[in-house]
Structures are given as C-alpha cells and as structure tokens.
Amino acid sequence: MSKKINFIAGFMIFSLMLNSYVWAQQTNTSFTPGKIWKDDKGVHINAHGGGIVEHKGVYYWFGEHKIEGENGNTAQVGVHCYSSKDLYNWKDEGIALPVSEDLTSDIAKGCILERPKVVYNKKTKKFVMWFHLELLGKGYAAARSGVAVADRPTGPYTFIKSYRPNPGKMPFYAEGTADKDKVNCETPANKSDGFFYRDLPGGQMARDMTVFVDDDGKAYHIFSSEENFTLHLAELTPDYLGHTGRFIRIYVGQQTEAPALFKKNGVYYMVGSGCTGWAPNPARWFKASSIWGPWTYMGNPCQGEGAKLTYGGQSTHVLPVPGKKGEFIFMADKWEPKNAIDGRYLWLPIRFENDKITINWLDQWDLSVFKK
Ligand code: GAL
C-alpha cells in the first residue's frame, strides 16, 4: 500500500517538475489580450493596475498582487514585480513592496494599495514608487498617495510616507485656461469646486493615479481628486519624493479615472476612463501642447465592437514600444472583483491618424504591427 502511495506521490512530483520544465522552455511570441498570461513559473501574472519602467534594456512590470476571492481587492501581499526583455515573456521577480504586518503602519496588511507606478530618477539614481493608498479599515475615505524608494528596480522598496498632496495650495493656470475651469471660492461653480475648498487645508484627495517623467527629467503625478470629480496633474520635487505645490486641474467635474500619460513629437496625450468602480465604461483621451495644459478632451479612442466599454477593461498605463520611436501600447485591466486574482490584461496597440489616436481590439498580436 505505502509503496503504491510513494509511487503516486513520486509520479505527481515528476509531473509537476515536467510541467514547470515545459513552461520554462515555452516562449511567448505574441500578446493575447484577456487570456491567462503565464510567467516563467507557469503562473498567471499577478500585477494588476500596473505600470512598466524600462532600465538598461529590461522592462519591469509592477502591479497589485491580488489573492483569490473578494478579499483580493484589498492589499494582502503587496506590489508584485516581473521583468522582461521582450514584453512577451515575464520573469517573476517577487514582491517589490510588501504590505506590513504592523497594523499601525500606513501600508498595513489589508489596506488598499492600488495602481503602483515606478519611475527612475536619473539624478538620485533611485527607483521611486508612487501608489494610491487607502488606510486599513477606512474603505476609500483616506484617498492618499504613498511613496516608496529603492536602489534597484526589483526592490526591495522602502516605504517612506503617505499623505494628501498640496495642502493649502491653489492651482496653477496656464494661459488659455477657461474661466469655467478655474476654481471659484466665492461661488463654487460645481460640486468639484466645493470639494476642492473643503480639502484645501488638509491636502487634496488622490485616488487613481499615474506618474509621468518628461524629457527634461521633471516628474508629474496625475490623480483623480476632489471625490474623483476632477483630475490633478501635480509637479513632483526633483527627487520625485514629494509634491512642489504646483498643479493644474483637468476636465473639472467630469469624473476621470485611471489616467495614463505619454508624449509623442512634443505633444502630450492622456488616456483615462470614466468612474464606475470595477465595471468597465468608455475610455476617454486628452491632448495638450504643454504639460500644464490646457488639456483638450478628445472623446473615446476605442473603435469597433466593445469600444463603448473599452473591451471590458480600464486603462492603467501607456508603454513606449522598445526600439520603435513614437509607437505605444495601451495597457488596461479587465477586473474580476469577485475573484480578484483572475483579473486579466488587455494590451492593444495605439494608432495615430493625423492628430488623433485610435485603439482597436485584437485577439492576438505582436510588435510587428508597429512600423520599424
Ligand atoms: C476603479 C478604480 C480602481 C479601483 C476600483 C474600486 O474605478 O479605477 O483602481 O479603485 O475603482 O472600486
């Protein structure tokens, strides 16, 4: 009897080893939006609401590590990191920023830690991670930004602080900003103005977010503020670890979430979503000739079947394509709030038609869709 059990156990171990060997041998040569994307260990990539930073020819993908079930919508583990040289095959680099077992920590296990984005600071030679943070047991009320830092791209990242940005600071208005977009203290023009003034003393709310580094090395934090009614684009300090107090408000009162910024030929582009929680809604994009705006709302970039709901996804990042200047990949999450770990990744090429961007669904594609 025990011999038989030993044999079965041995066979199972052998099969498992064979499985991982086969996976190690398999290389992906295309993107399959919405399907299971296996890492080098054969496990579905666990990096939701993520972003990618390139360093010395290697791409590092950071995202929310989710667990099974609805509890997976809270941070039980931390920020997961993967690396790749070709964007198709991803190596598991482990947890770059773990949540804390200390329940008094801002990033205590069970908090909500979303949309982590890492950027590299050429001057300080540090990797800086920003994320949306909600304190343990407080639902989505805290609306803070958290920041962590590391010497190496894969971490470990050291948590520094979390707070609401820009307390006591009024927005900066670029030339050409319409009066309706200026925050009005005497007679608030809309709900959003009211929220702005309410939060002026303690700092502005900061939820869905991204970080963008411009060609001159300046970094900007873009986040849903004012109860998610209005986006803020705020300058970071030269070390990228804080806010300078200079910021603009974008698309006031229109509830933009999930911002992702990129730049082509001196023009700034941003893709975002509406505000319907985990459920998909139409994507939206904006354009500006200066980072300080004014940013023009340009409508939905998605086309064809599924376009009205962003093919079931929500933007998270836009990635410049390696070796193909001026080409970009739209990265989105297809959330699975009932079983968070099963969230999928929708990556699609962005096409430029004159001054417009468009996104179309593809079941399967590779980088050859971009011209050389
Ligand atoms: C979405 C947001 C996600 C998450 C979710 C919670 O709108 O983009 O990052 O916060 O709401 O319901």
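How far is an oxygen atom of the ligand from an N or O atom in the side chain of Q314? The distance is 3.0 Å.

## Basis

This is a predicted model, in which local features need pLDDT of at least 70, side-chain atom pairs count only at pLDDT 80 or more, and totals for chains, interfaces and linings use all residues. Residues are numbered from 1 along each chain as its sequence is written, and side-chain values use heavy atoms, with hydrogens and water left out.

## Ligand site

Eight names make up the list around the ligand: E114, R115, Y140, D208, E257, G277, W278 and Q314. By class, four are charged (Asp, Glu, Lys, Arg), two nonpolar (Ala, Val, Leu, Ile, Met, Phe, Trp, Tyr, Cys, Pro) and two polar (the others, Gly among them).

Polar contacts are pairs of N or O atoms within 3.5 Å. A ligand oxygen lies 2.4 Å from an N or O atom in the E257 side chain. A ligand oxygen is also 3.1 Å from a polar backbone atom of G277. The protein covers 90% of the 310 Å² of accessible area that the ligand has on its own (Shrake-Rupley method, 1.4 Å probe).

## Y88

Y88 sits in the loop between β3 (78-84) and β4 (91-98). Strands here are DSSP runs of E, at least two residues long, numbered from the N terminus. Y88 counts as buried because its relative accessibility is 14%; buried means under 20% (1.4 Å probe, protein chains only).

Leaving out residues up to four places away in sequence, Y88 touches N28, T29, S30, F31, D366 and L367. Contact means heavy atoms within 4.5 Å. Y88 and W37 are 51 residues apart in sequence, with their C-alpha atoms 9.0 Å apart in space.

How values were computed: A residue is near a molecule or strand if one of its heavy atoms lies within 4 Å of it. A polar contact is a pair of N or O atoms within 3.5 Å; within protein, one must be able to donate a hydrogen and the other to accept it, and residues adjacent in sequence count only if both atoms are side-chain atoms. Helices (H or I, at least four residues) and strands (E, at least two) are DSSP runs, numbered from the N terminus. Buried means under 20% relative accessible area, exposed over 50%, partly exposed in between (1.4 Å probe, protein chains only).
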